[in-house]
Amino acid sequence: METRLLGASGCAVSAFTLGTMTFGKETDEAGAHEQLDAFVEAGGTLVDTADVYNDGVSEEVVGRWMADRPDDVTDRVVLATKGRFPTGPGANDVGLSRRHLTRAIDASLRRLGSGVDAIDLYQVHAWDPLTPLEETLRTLDDAVRAGKVRYVGLSNFTGWQVQKVVALARQLGTAVPVTLQPQYNLLARGVELEVVPSCLDAGLGLLPWSPLGGGWLTGKYTRDQRPTGSTRLGENPDRGMEAYGKRSSQQRTWDVVDAVQQVAQQRGTSMAAVALAWLVARPSVTSVILGARTTEQLRENLGAADLRLEPAQVEALDAASDPAPDDYPYGPAGSAQRSRPVTGGRAS
């Protein structure tokens with residue numbers, strides 16, 4: 001598996017990340033440990049969890065795996081977790097305040113257990129409009145200086161929020177974030193308008209989540225039948241951003257699905273592998289987060305590690321998934337002004 005640097009840091013990670021949101025609920029502990037073994041065996045190194053994944057059980061499952069495996073295995077793992085969302089009923093059990101973050105970091109380390117001496121990448125799970133940004137940055141920097149955290153990152157931030165965080169961190173002399181986790185896939189390309197350029201400018205690497213669009217890009221859903229059975233939308237067709245009614249009513253959804261299917265047929269591979277190969281090659285992407293219920297699903301998705309799409313195939317996928325922004329400032333008229341030749345000036 002390809003190895004890349006974690007944003008502007010010197011830390012090397014695999015181009016695919018094992019996401020662990022299913023651990024402790026959809027995936028039992030034995031299945032989770034099997035996935036971790038398979039991921040590391042395939043050359044994967046970056047493992048991502050969060051304090052709110054199944055009320056902390058995901059961190060505990062990962063921690064027990066870390067403690068149970070030999071050092072020559074776990075030393076390769078770069079472990080990431082997140083904090084910000086509610087972990088209790090109190091007003092201080094949520095957010096990016098010094099009080100909540102210090103407790104959240106310590107609680108994550110306790111759940112991860114004796115096999116983890118520090119969190120390699122600690123990410124703030126979302127923006128907090130109530131806490132002064134300086135308070136959050138100084139708290140994260142204190143955690144780095146105390147040896148509890150090695151690098152810091154962001155998740156679900158907009159472009160202007162990324163710029164504000166990076167500029168203030170540099171001004172204060174605190175640890176500067178090295179990564180951002182956004183939703184990003186062939187059906188969700190809005191981040192390319194502001195978030196991706198912001199991260200490229202600031203040197204942040206992207207760790208995209210939901211790379212398969214909640215299953216839409218695997219071809220499991222059809223126009224004429226609402227999903228049923230043991231899939232996320234089968235159990236709840238109105239679930240979240242990938243709700244069947246919302247996405248199935250958009251012609252662009254089916255244009256993208258058809259384009260992915262055509263490329264998969266051309267290459268003799270799965271639709272999932274095509275969608276992942278497209279995403280892992282996008283500008284600023286460091287590592288794509290894979291989330292699977294089963295080891296079989298994980299192994300299938302890891303097949304994308306060896307897939308390189310032809311330029312014509314990338315162009316076809318780009319065209320089908322074009323978010324079609326307004327002409328100005330994001331469309332052709334605006335983007336034409338974002339660069340210019342060295343020799344310019346008005347034509348005589």
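Tutor: P329 sits in the loop between α13 (311-321) and α14 (332-335), where helices (H or I, at least four residues) and strands (E, at least two) are DSSP runs numbered from the N terminus. The peptide bond that joins Y328 to P329 is cis, with omega at about 10°. This is a predicted model, in which local features need pLDDT of at least 70 and side-chain atom pairs count only at pLDDT 80 or more, while totals for chains, interfaces and linings use all residues. Residues are numbered from 1 along each chain as its sequence is written, and side-chain values use heavy atoms, with hydrogens and water left out.

The loop between α13 and α14 also holds A324, a residue other than glycine whose phi is positive, near 50°. A324 is exposed, with a relative accessible area of 57%; here buried means under 20% relative accessible area, exposed over 50%, and partly exposed in between, using a 1.4 Å probe and protein chains only. Another positive phi, about 80°, belongs to S284, which is not a glycine either. S284 is placed in the loop between α11 (271-280) and β10 (288-291), and it counts as buried at 17% relative accessibility. As background, most residues other than glycine have a negative phi, and most peptide bonds are trans.

Turning to the aromatic rings, the structure holds five aromatic pairs, and rings of Phe, Tyr and Trp (its six-membered ring) pair if their centres lie within 6.5 Å, with planes under 30 degrees apart counted as stacked, over 60 as edge-to-face and the rest as tilted. One of them joins W127 and F157, and this pair is edge-to-face because the ring centres are 5.5 Å apart and the planes stand at 80°. W127 lies in the loop between β6 (119-124) and α5 (133-145), and F157 in the loop between β7 (149-155) and α6 (159-172), so the pair ties together parts that are 30 residues apart in sequence. F157 is buried, with a relative accessible area of 5%.

W216 and W254 form another edge-to-face pair, 5.6 Å centre to centre with 65° between the planes. This pair links distant parts of the chain, 38 residues apart, since W216 is in the loop between β9 (205-206) and α8 (232-235) and W254 is in helix α10 (residues 251-267). W216 is buried at a relative accessible area of 0%, and W254 is buried at 5%. Finally, ring pairs link W127, F157 and W160 into a cluster.
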